[in-house]
Amino acid sequence: MKHFADLINALETTNKTNAKIDAIIDYLERAPDEDKVWFIALFTGKRPKRNVNTNYMKEWALEITQLPFWLFQESYSSVGDLGETLSLILPPPEQKIERTLSEWMTDILHLKDKTEAEKKAFVLQSWNGLDYTERLIFNKLLGGSFRIGVSDKTLINALTKFSGQEASTLTHSLTGKWQPGEISFQELISAEKINPDNSKPYPFCLAYPLEKGLDELGAPEEWQIEYKWDGIRGQIIKRNDEVFIWSRGEELVTEQFPEIRDAVKMMKGSFVLDGEILAVKDGNILNFNELQKRLNRKTLTKKMLADIPIEVFVYDLLELEGTDLREKPMEARRAMLEELLLNEHPEKIRISQTITFENWDELNSIQEKSREINSEGLMLKQKNSPYHAGRKKGDWWKWKVSPLTIDAVLIYAQKGSGRRSAYYTDYTFAVKNRDSLVTIAKAYSGLTDKEIMEVSKFVNKNAIEKFGPVRTVKAELVFEIAFEGIGFSSRHKSGVALRFPRIVRWRRDKTVDEIDDLEEIKKLIQ
Amino acid sequence: MNVKYKPITPLKLITFTKKGIYCPQGKFYIDPWRPVDLAVITHGHADHARWGMKKYLCHHFTKPVLYQRIGPDIECQSVEYGEIVHINGVKVSLHPAGHIIGSAQIRLEYKGFVTVVSGDYKIQDDGLSTPFELVRCNEFVTESTFGLPIYNWLEVNDLNKKLQSWVLKNQENSKTSVFIGYSLGKAQRIMKAVEGLGKTYVHYSIGKLNKAFEESGILLPDYKIADFRENIKELQHEIVIVPPALLDSSIIRKIPDAATAICSGWMQVRGARRWRSADAGFPISDHADWKGLLQAVKATEAEKVHVTHGQTDIFSKYLNEIGIKADVIETLFGEDEEESEKEIIETPEL
């Protein structure tokens, strides 16, 4: 496992993407082919089922170290990762076991049919034969998550650089239904088991935030206006009866949206669509938070599919029956798109409505009200424009509604997990409610690393109570919280719920006396 | 009488007051955080050696550090390890704590009762500080910075090898190796670890402390003071050591081809390593690890242990469970190391 441990080590001693890519290439040049296939499998989330119960692993480690359970739990909550906690508390190894990654994986797969006693013997022997990094990897291989700070895209880039194969082809090949042991590294890389032409995506056309007055845009009739929705931008490809959904991050997300995949499969012909994937229930567009619950899951339960149904709002047609339409004007593409969808009337696939308006003033008032229907604002597209590759100023503008903000005080803090396990990163904020405080929102993001360190220090010094991992802190630090919407809620103590709350900035200039009052905040609800 | 810091030993050789750890019989404080008449200082880190004392007592090696950090006008008496000073009938002596150069455990003896205030300490021999000396006592005051079983350090040699191979790899890739570590203690250890691998540049604040050590006759590896303003190009592909306050600063960003490494015990945990905006993290610490803390506490054979800064609740709970009477003492130690680094860095000579 030395090569693999070296790779992990190299990946962990840099935060530069290029260095990570170099480390992966270095690994690919040295590791045996069977190991490479396993490496790709593990790094793309194709991991075997867990055959060893984590509770037993904890028990065995306590047996070896003679530590009390509570102390293990304290250690675990400080590390934030079980496999790592185990590898840190275990005594140094007394032997040296040398096995390749695929040999380890084979052994681990075989645990399935073993008794608990045999599993225990295997794990204990392995722990005693591996150094710290290898032991950590071993614990991860046993079935935990294997996240090591390499995105799918970085992996694809490294494989592209190593093999000379095109990125989209590799993405397609890697996303397919393959299993280590059943496919060779060469087959995987050369993509000989798939037809890469079927999945090849176009670069997305991207919009700039609107930066000038509407009257500077020219005549209103030159523009096509649509609502802007906060979902997942997706390119939906159907060629030769194969369906692919690419996200803007150049990831294949087809399997995450089976409803779309199946609906598109039912449609006739070949085409490439551009649209927004949204959670839609009873005709209402749900929060992105809801959609997010479905993303990046290994399996989508029936309940989840029923609770968070999705649809695509399609706004562009890039290819029809093999013809690239991107150079055609927006207006023409739109007409062809309408025809395609009108003929087929597919379920789950709607056309993004255009907004009719008389003059810019009217559009202004439409934009201001867009929040009422959970929209983020408007999209303005030049009717004459081609479908650009990437970002080009002038033809596509996004015009978002400005967020609402309040000033609130930090009252609870909790440590983050994984990457942020050493610091308090999860905060709960309160506003005034007559003479007392009432919690209004939780927010995780928005501060710089340096600010998080400072807040953590404050929490350490000013913690009042401890509820498990949560610390109550002196109400002193004031933050400006932005949110996209606000509504009454019986589930919240304050009686209101904020949508997408996030920290805009730390208001060091303000004291707790200057934070907002709940009654005033309620007035924001329309 | 302050209610919060109740005296706990029947002999009251030390009490814990608002101003710091106090010896009522000797009428002196150890590492106090408020101005007092006589302060016995364990070591030169800013959370232990503070400004405003009428008189300081410390080890010979700590004296120039205090002059450097607090000011040249202070009244400071320094002693050798093991040298006995009688203060109002209390026998006071300093014993190596192995934390940084000149760091000391303070041993107090009165009517046959012995208390040791260990300040910060580590058991590992770092090759620079005088190695930790075990001092038997009735009452032991211990830190607990890394008082969790996940913190067990590598052997100093193995750790140094890791630093060396990182530097070599950087040189291979035409990178500048930038280490981030406290200017007092850690920086000198890093200098020692990478000695001979290339030209070593240190930040001005580290240079100042190096001079203080050199004045005490301590031999440090060759180094140059880095000139980040006029001559930052000369750092390219060399070794640079800067204090933590410069992390994320524009100075580090300006260093050409920099690969950065944070050197701190906290880097033992991947989460902490990955979270910081550095390339690498090396768990090098001047504090005792879990095994070290337990080893020291047990070996003192103290009947009573006071746990100060760090994982206080956890460590004292565990000590009580294994039959060692321990309690938690609140102090202001261990909190301001970083802030004090900042003060030095913001001097105009930067």
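Colleague: How do strand E14 and strand E19 of chain A pair, parallel or antiparallel?
Modeller: Antiparallel, in this predicted model. E14(A) covers residues 404-415 and E19(A) covers residues 478-483. They share 6 bridges.

Colleague: Which residue is the bridge partner of A:Thr405?
Modeller: A:Ala482, in E19(A).

Colleague: And how many bridges join E19(A) to E22(A)?
Modeller: There are 4 bridges between them, and the strands run antiparallel. E22(A) spans residues 502-506.

Colleague: What stands opposite A:Ile481 there?
Modeller: Another isoleucine, A:Ile503 in E22(A).

Colleague: Zooming out. What does the domain assignment give for chain A?
Modeller: Domain 1 is 2-141, domain 2 is 205-400 and domain 3 is 404-522.

Colleague: How many Å apart are the C-alpha centres of domain 1 and domain 2 of chain A?
Modeller: They lie 43 Å apart.

Colleague: Switching to the interface. How many residues of chain A are in contact with chain B?
Modeller: 28 residues of chain A, against 20 residues of chain B.

Colleague: Which elements of chain A give two or more residues to that side?
Modeller: Helices H5 (69-79), H6 (82-89) and H18 (449-462) of chain A. H5(A) gives the most, with 5 residues.

Colleague: What's the make-up of that side by class?
Modeller: On chain A, 8 residues are nonpolar, 11 are polar and 9 are charged.

Colleague: Now chain B. What is the strand order in its open sheet of 7 strands?
Modeller: E7-E8-E9-E10-E11-E18-E19, all from chain B. The pairing is mixed.

Colleague: Which strands stand at the edges?
Modeller: E7 (84-87) and E19 (326-328) of chain B. Each has a single partner strand, so one side of each is left without a neighbour in the sheet.

Colleague: What does the twist average?
Modeller: The average is 25° from one strand to the next.

Colleague: In what sense do E11(B) and E18(B) pair?
Modeller: Parallel, over 5 bridges. E11(B) runs through residues 139-144, and E18(B) through residues 304-310.

Colleague: Which residue in E18(B) is the bridge partner of B:Ser144?
Modeller: B:Gly310.

Colleague: What about helix H7 of chain B? Which strands does it lie across?
Modeller: H7(B), residues 290-300, lies across E10 (113-117), E11 and E18 of chain B. The helix runs at about 175° to E11(B).

Colleague: Back to strands in general. Where do the side chains of a regular strand go?
Modeller: They alternate between the two faces of the sheet.

Methods
Residues are numbered from 1 along each chain as its sequence is written. Chains are lettered from A and ligands numbered from 1 in the order in which they are written. This is a predicted model: local features need pLDDT of at least 70, side-chain atom pairs count only at pLDDT 80 or more; totals for chains, interfaces and linings use all residues. Two residues are in contact if their C-beta atoms, placed from the backbone, lie within 7 Å. Ala, Val, Leu, Ile, Met, Phe, Trp, Tyr, Cys and Pro count as nonpolar, Asp, Glu, Lys and Arg as charged, and the others, Gly among them, as polar. Two strands pair if DSSP finds at least two bridges between them. Axes are lines fitted to C-alpha atoms, for helices over the stretch in contact, and angles run from 0 to 180 degrees between N-to-C directions. Domain bounds come from an automatic or database domain assignment.
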